[in-house]
Amino acid sequence: MFDLPPVSHELDDAIRRAIDSKTKPLGALGMVETLAAQIARIQGTLSPRLERCRLTLFAGDHGIASEGVSAFPPAVTRQMVENFLAGGAAANVFARTNGADLRVVDAGVAGDRMDTPGLVSRRIADGTRNCAVEPAMTAAQCDAALGAGDALGGDDAPDAAAFGEMGIANTSAAALIAHKLTGIGLDVLVGRGTGLDDDGLAHKQAVLARAAARTAARLDAHAALREYGGFEIVMMAGAMIGAARAGAIVLVDGFIASSAALAAIGLAPALRDYLVFAHRSAEQGHRMVLEALDARPLLEFDMRLGEGTGALLAWPVLKCAAAMLCEMASFEGAGVSGPSA
């Protein structure tokens with residue numbers, strides 16, 4: 001278990017009164033009001049400010065990729081890291097457009113250590129082992145990845161912390177983690193990932209069923225991560241906890257990030273109230289994980305890219321929610337008549 005203080009609800013009544021006094025019908029801004037209340041609660045103020053968002057992208061390779069569960073070869077992980085560092089990926093474009101910081105972390109990319117300028121190295125190992133036949137990592141490696149993520153999440157924490165990932169075969173890891181933590185069947189958690197055809201999907205489902213059969217039907221969070229996780233997923237889980245402890249609102253992206261969040265909540269239950277779920281992806285497993293988390297995402301754009309792209313698209317919504325609470329006039333202040341008694 002990780003030490004994380006729960007979000008205080010001491011200001012809840014005052015927050016509700018502040019929102020309801022704005023020049024609008026009660027509840028007229030829907031989820032924006034719910035989001036504004038959550039931000040105010042996390043920051044412990046009726047005047048929340050959101051000025052800085054940072055996306056941290058974790059990259060790592062998976063041994064299970066050798067089983068042919070992805071439409072793309074493992075070499076793409078390294079190639080995409082180079083693309084992120086060159087500024088050419090969708091995550092870079094969305095970050096630039098929305099004024100968000102972006103950093104890229106090597107959590108365990110296969111091959112020689114990368115020395116590209118701007119890359120943050122927290123390599124645990126040269127990719128994970130093949131979780132279809134053995135644990136993806138040792139307990140010590142899992143702890144090291146969690147600790148590295150925790151430190152990165154809390155380092156110079158922004159107002160909102162978004163997390164993304166890159167790792168060929170990581171939808172397989174996410175499905176296995178979610179399966180072991182929730183008991184949801186692999187038949188509904190396993191999707192096409194990077195674009196598998198019907199034969200490829202059937203093969204992926206068979207490989208993951210074999211992987212799942214290695215261990216007990218249900219596992220605790222630490223066991224699920226070490227048996228089936230990628231270093232990027234484990235590090236992301238730790239980073240979510242570290243960012244929340246530093247007072248940041250944590251923006252959760254798609255399927256892989258939500259599976260990491262599911263595990264992180266298992267390690268630090270108080271984390272749930274710090275999380276904002278950015279979007280519902282087109283990956284079928286993501287819908288099931290969101291239901292298990294009782295999470296209502298902000299957006300639904302049929303995306304399934306990862307990289308933190310959905311989290312970055314939600315950042316402007318968070319800023320608007322905080323600004324509404326701080327800057328929108330009240331009925332009394334604006335001299336506008338409120339609803340009839």
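Predicted model: local features only at pLDDT ≥ 70, side-chain atom pairs only at ≥ 80, totals over all residues.

Me: What volume does the largest pocket have, and which residues are closest to its centre?

Reply: Its volume is about 480 Å³. The lining comprises 27 residues, and Met166, Thr194, Arg304, Leu305 and Gly306 are the closest to the centre.

Me: How is a lining described by class, and how many residues of each class does the largest pocket have?

Reply: One sorts the lining residues into nonpolar, polar and charged. Here the largest pocket has 11 nonpolar residues, 11 polar residues and five charged residues.

Me: What is the volume of the second largest pocket?

Reply: The second largest pocket has a volume of about 410 Å³. Its lining is made up of 19 residues, and those nearest the centre are Thr34, Leu35, Gln38, Leu275 and Arg296. Two or more lining residues come from each of α2 (31–43) and β6 (275–277).

Me: Which element gives the most to the lining of the second largest pocket?

Reply: That element is α2, with eight residues.

Me: How many nonpolar, polar and charged residues does this second lining have?

Reply: The lining of the second largest pocket has 10 nonpolar, three polar and six charged residues.

How values were computed: Residues numbered from 1 in each chain as written. Heavy atoms only, no water. 1 Å grid on protein atoms, 1.4 Å probe; cavity = no way out; pocket = protein on both sides within 12 Å on 5 of 7 lines; lining within 4 Å. Points joined across faces, edges and corners; volume = space filled by probe spheres on them. Helix = DSSP H or I, 4+ residues; strand = E, 2+ residues; numbered from the N terminus.
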